[in-house]
Amino acid sequence: MTLTLTPQDQAMLHGDFGNAAKMAMRILTTMANVYGASKLLDIKSAHIDGCLYHGQSGLDFAERLVAGGAQVRVPTTLNVGAIDLMHPDQFQGTADLADRATRLMAAYQQMGCAPIWTCAPYQAMHRPAFGTQIAWAESNAIVFANSVLGARTNRYGDFIDICAALTGRAPAVGLHLPRNRRGQIVFHLDGIPTDLLHEDVFFPVLGYFIGANSQNQIPVIVGLPPETTEDQLKALGAAAASSGAVALFHAVGVTPEAPTLADALQNQPAATERLVTMAEIRATLGKLATVEDGRIQVVALGSPHFSLAEFDKLLPLIEKYPPHPRVDFIVCTNRLALGTLQQRGWLAQLRAAGVRVIVDTCVVVTPIVRQHGVLMTNSGKFAHYSPGNIGLEVIFGSLEECVRSAAQGMVWRDTTLWSGR
């Protein structure tokens, strides 16, 4: 299929808007041809993952764009970097790595990107309206924007994300097009206890199951309560994007494109249907741990970044069960939430209890954790990536289980959670 460009696209490609825009458009049109796009479309915003340091090539690319006069053409936010710029002493890596990571973050700010440094921009000022065309990177942000907000983005990664931001354009393919957003595989929740359907801990487990069993299909979930919260959907989507390639899910009666099953399927038959039973949920729960329950050295929360609602649930638990001094207790969040924590006096309470509140980054992408051994988390995403990324064994549990386990340095379990009653 031939890619048709507008006169402004052609002007950018020819260098009329500067060297950075020329390079961005050249990369974007190359990828559009790979995707088989016939045209580019306008986007209203972007979210950039390339600001996280993975190696010298990413820094070279960003600094070359800056040298070419790069400036974003649409409102653009930044994903986590490798440094907590507000608390650089939390970084446990080398001075050289810190310098390169900081230079990379600075380069993206020079391009006009908003330095909110979060994987959950949708809870930190960047919330596109239903139907808005956007170009977002970061897997959990992509699935949330598509599924919960009903915005339109494909899965964009490093380099392509900033090219879209610098040109204000994206290939008109994939999830940008309504016909490609039709649900395909339907998961019917079967025999899941009503109480469990309202527990926060259920959602990352369900998401992990959905992601692992959706292949390349768009999942539709039947049976979630209408009052399912935003943070629960956040946890579901993040886990589904970790165990699989899910960029969009529909939850019937919950998410905006699925008021009914027929709407989610765009009035076509499902390609596949399957039941989700308690036996499968329990089996998936087992996959979120790499070791048996026992001693723990770290508790890490906040992937995606903790919201204020989640802090509201955490604080009374911490007050009742403060972490043991030998347990490294870390919560990752965004700097806007941090400001509110300070105003409410919550930050002082958390720090007095021994909790480290980290902003701008997260424990699985940079050296922050101070101990080796076993990490406990309530995050499906942390559970998935911690062993490979930072070399810690992992145990998964509810928020209360994490807090009470941190208090005694040993895993504590609520035996009623998964009983099936």
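Visitor: What sits over the ring of F130?
Guide: The charged end of R152 does, at 5.2 Å from the ring centre, where sitting over a ring requires NZ of Lys or CZ of Arg within 6 Å of the ring centre and within 35 degrees of the ring normal. This is a predicted model, in which local features need pLDDT of at least 70 and side-chain atom pairs count only at pLDDT 80 or more, while totals for chains, interfaces and linings use all residues. Residues are numbered from 1 along each chain as its sequence is written, and side-chain values use heavy atoms, with hydrogens and water left out.

Visitor: And which residue lies over the face of W346?
Guide: That is R344, placed 4.9 Å from the centre of the ring.

Visitor: Switching to aromatics, how many aromatic pairs are there?
Guide: The structure has five of them, a pair being rings of Phe, Tyr or Trp (its six-membered ring) whose centres lie within 6.5 Å, with planes under 30 degrees apart called stacked, over 60 edge-to-face and the rest tilted. One of the pairs is F306 with F311, an edge-to-face arrangement with 5.1 Å between centres and 85° between the planes.

Visitor: Are those two, F306 and F311, buried or exposed?
Guide: F306 and F311 are both buried, in the sense of under 20% relative accessible area, with exposed meaning over 50% and partly exposed in between (1.4 Å probe, protein chains only).

Visitor: Which strands does β2 pair with?
Guide: Strand β2 (residues 45-48) pairs in the parallel sense with β4 (residues 134-136) over three bridges, and three bridges also join β2 to β3 (residues 76-78), again running parallel. Pairing here needs at least two DSSP bridges between the strands, and the strands (E, at least two residues) and helices (H or I, at least four) are DSSP runs numbered from the N terminus.

Visitor: Which residues face each other there?
Guide: H47 stands opposite W136 in β4, whereas A46 has T76 of β3 as its bridge partner. S45 and H47 point one way from β2 and A46 and I48 the other way, and all are buried.

Visitor: What about helix α6, how many of its residues are buried?
Guide: Eight of the eight residues in α6 (residues 160-167) are buried, and G168, which follows the helix, has a positive phi near 70°.

Visitor: Last one: which residues have the most contacts inside the largest nonpolar core?
Guide: They are F202, L206, L224 and V363, in a core of 62 residues, meaning buried Ala, Val, Leu, Ile, Met, Phe, Trp, Tyr and Cys residues joined through side-chain atoms within 4.5 Å. A second, separate core has 51 residues, including V72 and L104.
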